[in-house]
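Trainee: Before we look at anything in detail, could you show me how to read the packing of strands and helices in a model like this one?

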Amino acid sequence: MNRMVIIILICVMCLNLCFCKKTDETYRYDKKVQLFDKEYEDVEKQITDKYGEYIYLELIKDDSNKSIDFRLILKGTYTQNNKASEDTPVYMIIEDVRVMLNDYMNSNPDCLLTTLLSDYRGHISLTMWVENTHYKLLYEVINGGNFDTGYICEPRFVTYSEIDLSQTPYNIVDEESAIRMFDYFARTGEDIIAVDTAIWNSGMTDDSSDEWRENIYTKFPLVIERYNNSESRSN
């Protein structure tokens, strides 16, 4: 009898440990104290003042590879709260941060970030930390793109190089959700020069549809201009 009680207690303890580990992993960044980098503290605080409840901001600068990444890591208070993700969709967070950083550089043309992005590859990445200790990349915005003249660097974040709607928390992926997202981007996206439209998985809207892609491009003046120019050259 005592042996059975001991076995039951051990099983309960193991379950509790597993649950605690899951909770710790899910809320890993909720518990982490937000740190700021001296050279970029002003703009980092602008971002966290608005979205610090939902994201942890981590700046990763790699001088050897000439890259800088403003990594926005979604907290458990966001990913485990469907009301938060409905009221403040992930695309709203990434676009608002893109605008904040660009506005900051426009207002401070001599700041370190503006100077750096003339030579460094800049990234804004929005990620989720998942329980088996790796990151899921949901969105990435960069300061240029790979075009005919090679990779260009601009002191602005102007290219949506990756969009993965299938990974977003509580998001029902359909054509309407994508249109809502691109409509939101278009409100402040007159400076966007390229936007990823390959966002669908098998069984969803066909991302090879030229008509659908062209419809998205028309929302962004610089994107449709580049698209029309490339079409003219190919004809």
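Mentor: Let us begin with a definition: two strands are said to pair if DSSP finds at least two bridges between them. Keep in mind as we go that this is a predicted model.

Trainee: In which sense do strand β7 and β8 pair, and over how many bridges?

Mentor: In general, the strands of a sheet pair through backbone hydrogen bonds, either parallel or antiparallel. Here strand β7, covering residues 159–163, pairs with β8 in the parallel sense, over 2 bridges, and within this region Y160 stands opposite V195 of β8.

Trainee: What is the order of the strands in the open sheet?

Mentor: The open sheet has 6 strands in the order β1-β2-β3-β4-β7-β8, and its pairing is mixed. The edges are taken by β1 (55–62) and β8 (194–195), and because each has a single partner strand, one side of each is left without a neighbour in the sheet. Helix α2 packs on this sheet, where α2 touches β1 and β2 (67–74), and the direction of α2 makes about 155 degrees with that of β1.

Trainee: At what angle do the axes of helix α2 and helix α5 cross?

Mentor: The general idea is that two packed helices are described by the angle between their axes and the distance between the axes. In this case the axes of α2 (residues 41–51) and α5 (residues 90–107) come within 10 Å and cross at roughly 150 degrees. Since angles over 145 degrees count as roughly antiparallel, α2 is therefore roughly antiparallel to α5, and α2 passes α5 in a right-handed crossing.

Trainee: Which residues make the contact of α2 and α5?

Mentor: From α2 the contact is made by D42, V43, Q46, I47, K50 and Y51, and from α5 by M92, I93, D96, V97, M100, L101 and Y104.

Trainee: Is T48 buried or exposed?

Mentor: T48, which lies in helix α2, has a relative accessibility of 12% and so counts as buried, the cut-off for that class being under 20%. Leaving aside residues up to four places away in sequence, T48 touches Q34, F36 and L57.

Trainee: What is the relative accessible area of N215?

Mentor: N215, found in helix α8 (residues 210–217), is partly exposed, with a relative accessible area of 37%. The C-alpha atoms of N215 and I179 are separated by 9.7 Å, although these residues are 36 residues apart along the chain.

Conventions. Residues are numbered from 1 along each chain as its sequence is written. This is a predicted model: local features need pLDDT of at least 70, side-chain atom pairs count only at pLDDT 80 or more; totals for chains, interfaces and linings use all residues. Side-chain values use heavy atoms; hydrogens and water are left out. Axes are lines fitted to C-alpha atoms, for helices over the stretch in contact, and angles run from 0 to 180 degrees between N-to-C directions. Helices (H or I, at least four residues) and strands (E, at least two) are DSSP runs, numbered from the N terminus. Angles under 35 degrees count as roughly parallel, over 145 as roughly antiparallel, 65 to 115 as roughly perpendicular and the rest as oblique. A crossing is left-handed if the near helix is turned anticlockwise from the far one by less than a right angle, and right-handed if clockwise. Contact means heavy atoms within 4.5 Å. Buried means under 20% relative accessible area, exposed over 50%, partly exposed in between (1.4 Å probe, protein chains only).
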